[in-house]
Amino acid sequence: MIAIPANTLRRPQSMAWIAPDGAIIPLEGETMHSDAAETFPGVPAGGYPTNYAMDKLGYMKVGNAFDFAYKSGRETPANHAAQFDAMAQIVCQAVINFIDRRGPGLPRWFVPPQTFIGDPERWIVHIGDIADGTVDRISVKRFVREYGSIDTQEQFDQQLRRAEEALIRKQVRMILSELRRRPV
């Protein structure tokens, strides 16, 4: 699985590009999608570099860890399977980062529905297709199962299990500590 820095995963917008071959291009600092797209090979000067990169060159635009856009169809030179696996890796790492209790928790911009907050596999991934303007909304679990490679799925399952076990151990320690403090 590709290692993505936590500060990149926590960006509320303009998080990254995914190249046509599936390589993740994280955006740093104040860089926006259009700034990075201007430097892509084949993007003409002037105009709308973001649209050109997606429409003609097959780049996938990652808004945040749970929101991305691409152009479906065969007219772009993109390897959609590799791109979607890269996006599945981003989603997986974001889930693990956000539920890790040693970390800062959920970013302020990310607010899953209250009923799903404790079940990260039900958090929603937004998939925008610029070819027809549709936006699909599917659960993290379904997204990883449908679009992630077998390695990505296995690593996600293992990391999620470890994070959940760590959370349960922490809760048990807190309960035992509380029981020891109270006189019986």
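N97 sits in helix 4. Setting aside residues within four places in sequence, N97 has contacts with A6, L9 and R10. Keep in mind throughout that this is a predicted model.

Now the overall layout. The protein chain contains six helices and six strands. Read from the N terminus, the order of elements is α-β-β-α-α-β-β-α-β-β-α-α. Along the principal axes, the C-alpha atoms fill a box of roughly 75 × 30 × 25 Å. The chain has 184 residues, and 42% of them are buried. Of the contacts with a separation of 6 or more, 53% are between residues 24 or more positions apart.

In what order do the six strands of the open sheet lie? The order is 2-1-3-4-5-6, and the pairing is mixed. At the edges are strand 2, residues 24-26, and strand 6, residues 134-139, each of which pairs on one side only. From one strand to the next, the twist averages 20 degrees.

Two of the pairings can be followed in more detail. Strand 1 pairs with strand 3 in the antiparallel sense, over three bridges. There, A16 is opposite V62 of strand 3. Strand 5 and strand 6 also run antiparallel, joined by six bridges, and D129 has T134 in strand 6 as its bridge partner. The hairpin that these two strands form has four residues between the strands, and in it G133 takes a positive phi near 80 degrees.

Helix 5 lies across strand 4, strand 5 and strand 6, and runs at about 105 degrees to strand 6.

Strand 1 and strand 3 are antiparallel, with three bridges between them. Helix 4 packs on this sheet and touches strand 1, strand 2, strand 3, strand 4 and strand 5, with its direction at about 15 degrees to that of strand 3.

Which members of the largest nonpolar core touch the most other members? Out of 36 residues, they are F66, F68, M87, I90, W123, V140 and F143. The elements that supply two or more residues to this core are strand 1 (16-18), strand 3 (60-64), strand 4 (67-70), helix 4 (80-99), strand 5 (124-129), helix 5 (140-147) and helix 6 (150-181). Helix 4 gives the most, with twelve residues.

Apart from neighbours within four places in sequence, M87 is in contact with I18, M60, V62, N64, A65, F66, D67, F68 and F143. There is also a second, separate core of twelve residues, W17, A19, V43 and M54 among them.

Helix 6 is next. With 32 residues, helix 6 reaches 47 Å from its first C-alpha to its last, close to the 46 Å expected at 1.5 Å a residue. Which residues does helix 6 bury? T152, Q153, F156, L160 and A163 are buried in helix 6. The buried residues of helix 6 pack against helix 4 and helix 5.

How do helix 4 and helix 6 pack? The angle is about 5 degrees, and their axes are 10 Å apart. Helix 4 is therefore roughly parallel to helix 6, since angles under 35 degrees count as roughly parallel. On the helix 4 side, the contact is made by D85, A88, Q89, C92, V95, I96 and I99; on the helix 6 side, by T152, F156, Q159, L160 and A163.

Last, a surface residue. P41 is in the loop between helix 2, residues 33-37, and helix 3, residues 49-55. Is P41 buried or exposed? P41 counts as exposed because its relative accessibility is 64%, and the cut-off for exposed is over 50%. Leaving out residues up to four places away in sequence, P41 touches L57 and Y59. P41 and A53 are twelve residues apart along the chain, and their C-alpha atoms are separated by 9.3 Å.

Methods
Residues are numbered from 1 along each chain as its sequence is written. This is a predicted model: local features need pLDDT of at least 70, side-chain atom pairs count only at pLDDT 80 or more; totals for chains, interfaces and linings use all residues. Side-chain values use heavy atoms; hydrogens and water are left out. A nonpolar core is a set of buried Ala, Val, Leu, Ile, Met, Phe, Trp, Tyr and Cys residues joined through side-chain atoms within 4.5 Å. Buried means under 20% relative accessible area, exposed over 50%, partly exposed in between (1.4 Å probe, protein chains only). Contact means heavy atoms within 4.5 Å. Two strands pair if DSSP finds at least two bridges between them. Axes are lines fitted to C-alpha atoms, for helices over the stretch in contact, and angles run from 0 to 180 degrees between N-to-C directions. The expected span of a helix is 1.5 Å times one less than its number of residues. Angles under 35 degrees count as roughly parallel, over 145 as roughly antiparallel, 65 to 115 as roughly perpendicular and the rest as oblique.
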